[in-house]
Amino acid sequence: ECSPYAAHLYDAEDPSTPVRTIPGLCQDYCQQVWQNCRSIFRYLSADQELIALENNMAKFCHYLSLEDTDYCFPHLLANQNLNQNLGFVTADAEGCLQLCLMEVANRLRNPVAMVHANDGTHRFFIAEQVGLVWTYLPDRSRLEKPFLNISEAVLTSPWEGDERGFLGIVFHPKFKFNGKVYVYYSVEVRYEERIRISEFRISPADMNALDHSSERVILEIEEPASNHNGGELLFGDDGYLYIFTGDGGMAGDPFGTFGNAQNKSTLLGKVLRIDVNNNDRGPLYRIPPDNPFLDDPKARPEIYAYGVRNMWRCSFDRGDPRTKEGKGRLFCGDVGQNKYEEIDIVEKGKNYGWRAREGFSCYDKKLCINSSMDDVLPIYAYPHKMGKSVTGGYVYRGCESPNLNGLYIFGDFMSGRLMSLKEDHTTGEWQYSEICMGTGQTCMFPGLINNYYQYIISFAEDEAGELYFMSTGVPSATAAHGVVYKVVDTSRRAPPGKCQVEPSPVKVKSKLIRFVPKEKLIVKTPTPRPRLKATAEVPPGGRPDLDTPHTPAVDWVDQAPPPPGTHNRTPTTRAPSGRAPKPRKGGERRRQRRKKKPSVTAPPLQNGAVRLMEQQSRGRSRGRVEVYIDGEWGTVCDDGWNSAAAAVVCRQLGFPYVVRATKKAESGEGTSLRILLDDVQCSGQEKTLLECAHADIGTHNCSHEEDAGVVCSKEEVADW
């Protein structure tokens with residue numbers, strides 16, 4: 001297998017070092033090679049300087065030596081310190097897994113889904129919330145003509161956080177033969193909001209476009225509110241179509257005696273399973289004969305599982321590539337109400353507890369104590385201190401990153417956290433690890449990136465099983481800030497050639513738009529980040545409320561304001577990994593010494609400097625405003641706070657546009673700081689908030705519940 005230390009063997013980490021054609025050899029091994037078969041090197045290398053040293057063993061072996069002998073061949077292979085963790089993803093001292101990203105697509109308007117056709121072409125199709133689906137070829141170029149455009153029919157809006165829109169798409173397992181595709185979207189019919197599941201066929205004239213006139217509405221469900229619309233469509237290994245609906249919206253599932261999710265006579269708050277095979281004649285769908293509630297006269301026969309709130313992104317496990325262990329398990333992220341987010345494994349006929357339960361905690365206490373519910377607990381739940389809107393992911397079963405095999409990777413839309421779960425086969429429990437981006441040369445050397453936009457919308461697999469996720473910096477259906485990232489583990493790559501695919505040819509009739517990457521690697525000084533614990537364990541006693549972990553308010557950000565151009569990204573630099581290869585000791589071979597970079601000292605902070613904070617993490621283009629005055633950071637009260645004051649802050653941070661001024665601690669309360677400014681009145685032309693009219697420093701008549709914030713932008717954006 002390809003060594004994960006090949007870069008060290010060839011002294012290739014620094015691009016300024018001379019090109020090596022022969023790996024670094026250990027001194028004793030080099031002497032044996034020279035004595036027994038030195039004549040082979042003229043056939044292995046065109047390096048004339050090496051060949052010229054063939055008759056001088058000392059110079060020959062010095063030329064092939066490495067200054068850091070831990071990495072020379074073949075001692076490297078037996079070095080326990082370097083090889084003991086090769087089966088694990090590189091992690092930092094706190095256990096945060098260090099991964100990297102490759103940018104795949106950009107300038108998308110809230111990319112909600114990415115799917116493949118499973119037809120051997122290795123195309124991928126990205127859906128935008130507004131109702132357009134785009135075709136991408138394996139080289140990441142996009143076709144100018146959309147695969148599907150139903151934007152005129154889709155119900156959505158530019159408002160931030162609008163949950164309506166084009167929400168899901170899936171290709172029929174036999175798409176290669178029947179050309180059928182299924183979509184899930186919001187629609188308005190006679191002033192009534194509905195979710196619609198429709199079937200389309202591929203255009204007979206273009207394999208990269210659907211025939212818009214072929215739409216057949218398979219199912220429509222009335223939505224009593226504009227939120228909790230579900231949106232996932234999947235085909236299982238059984239060939240049936242799975243549909244994931246929300247509970248109907250509002251808060252606390254207030255519909256009926258027990259809510260929609262517990263009411264088996266409604267399709268809301270459910271996982272549905274229907275048979276759309278061979279439906280060209282007769283009914284548009286049939287009920288699978290083993291659906292669990294066929295014999296219940298009070299239940300809808302489409303129901304496969306119930307008691308869900310708003311499952312956002314689900315996936316079937318492909319199974320271990322060798323043993324197929326885990327194949328067919330259905331993982332879902334179910335968005336919580338006020339306290340907890342959860343991950344479930346969905347099984348036929350099971351009740352997943354909402355609204356009686358939220359995570360492991362009781363929500364409706366009267367329902368919760370009802371032992372007849374027999375609800376299934378999640379495999380994992382986390383509190384709202386870690387994130388407020390789970391985005392379900394995938395169990396990695398790809399080829400390129402073997403150390404990720406079996407790891408369930410998911411995220412949170414609001415906090416931007418990437419997270420993972422690994423099953424402990426001895427106990428059956430799932431162990432949590434946070435995911436952060438690689439530091440130093442972890443991502444830099446392979447030419448990858450280590451940052452992403454905060455709002456994680458969805459996850460995806462390509463045809464080969466590699467993992468992707470979609471996020472945006474502005475969560476509006478009309479803002480083209482969405483990016484698709486491929487997840488890459490640089491701690492161990494598959495052997496060369498093992499993961500190569502041969503895509504089937506694609507006949508392209510539309511103009512091709514070549515991919516141009518926009519994102520850059522961010523190099524930062526590692527900064528500690530507060531750790532938050534969650535649990536996958538049932539509390540003692542079976543089912544009492546899960547205690548929220550106590551986390552002190554920690555101000556972990558750098559003192560300086562963020563530089564322009566890094567807004568709304570989630571940089572994930574951490575302390576160097578305890579498992580990473582140790583630093584290189586000296587200069588380059590052939591006695592070339594690396595030049596030391598001059599140290600850079602940050603300029604002292606000036607009174608009036610500002611920074612943005614989102615909950616307990618550094619904001620980029622949005623967040624709670626904190627101001628630096630006389631040696632301390634503090635918050636600003638929202639009395640008198642308006643867009644003119646927000647414009648002063650945005651301009652200080654390098655953003656030419658202010659989207660809106662926020663109030664009532666929308667970005668969290670800065671309880672660990674003093675309130676320094678109140679009654680701020682600005683014209684919008686001031687250089688800092690201190691130039692605006694305001695009460696005396698530290699004098700105020702408000703609490704942190706009134707902390708002010710801003711939303712800034714690099715581009716002009718309509719007010720949400």
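## Helix α11 and its packing

The buried residues of α11 pack against β31 (610–614), β33, β35 and β37 (709–713). Packing here is judged by contact, meaning heavy atoms within 4.5 Å. Helices (H or I, at least four residues) and strands (E, at least two) are DSSP runs, numbered from the N terminus. Helix α11 covers residues 643–652 and is mostly covered, with seven of its ten residues buried. Those residues are Ala-644, Ala-645, Ala-646, Ala-647, Val-648, Val-649 and Cys-650. Buried means under 20% relative accessible area, exposed over 50%, and partly exposed in between (1.4 Å probe, protein chains only).

This is a predicted model: local features need pLDDT of at least 70, side-chain atom pairs count only at pLDDT 80 or more, and totals for chains, interfaces and linings use all residues. Residues are numbered from 1 along each chain as its sequence is written, and side-chain values use heavy atoms, with hydrogens and water left out.

## Salt bridges

A salt bridge is a side-chain nitrogen of Lys or Arg within 4 Å of a carboxyl oxygen of Asp or Glu. By this rule the model has 36 salt bridges.

One of them pairs Arg-622 with Glu-666, at 3.7 Å from N to O. This pair links distant parts of the chain, 44 residues apart. Arg-622 sits in strand β33 (residues 622–629), and Glu-666 in the loop between β35 (657–662) and β36 (674–677). Arg-622 is buried, at 7% relative accessible area. Glu-666 is partly exposed, at 36%.

Asp-375 bridges to Arg-357, with the closest N and O atoms 2.9 Å apart. Asp-375 lies in the loop between α9 (365–368) and β20 (380–383), and Arg-357 in strand β18 (residues 357–358), so the pair ties together parts that are 18 residues apart in sequence. Both ends are buried: Asp-375 has a relative accessible area of 7%, and Arg-357 has 3%.

Glu-302 forms a salt bridge with Arg-300. Their closest N and O atoms are 3.1 Å apart. Glu-302 is buried, with a relative accessible area of 4%. Arg-300 is partly exposed, at 29%.

## The loop at Ala-299

Ala-299 lies in the loop between β13 (270–274) and β14 (303–306). Its relative accessibility is 11%, which counts as buried. Ala-299 touches Lys-264 and Phe-293, leaving aside residues up to four places away in sequence. Thr-266 is 33 residues from Ala-299 in sequence, but the C-alpha atoms are 7.7 Å apart in space.

## Helices α2 and α5

Two packed helices are described by the angle between their axes and the distance between the axes. Helix α2 (residues 27–37) packs on helix α5 (residues 57–64) at about 130°, with the axes 10 Å apart. That makes α2 oblique to α5. Axes are lines fitted to C-alpha atoms, for helices over the stretch in contact, and angles run from 0 to 180 degrees between N-to-C directions. Angles under 35 degrees count as roughly parallel, over 145 as roughly antiparallel, 65 to 115 as roughly perpendicular, and the rest as oblique.

From α2, the contact uses Gln-27, Cys-30, Gln-31, Trp-34 and Gln-35. From α5, it uses Met-57, Phe-60 and Cys-61. The contact residues divide into five nonpolar, three polar and no charged. Ala, Val, Leu, Ile, Met, Phe, Trp, Tyr, Cys and Pro count as nonpolar, Asp, Glu, Lys and Arg as charged, and the others, Gly among them, as polar.
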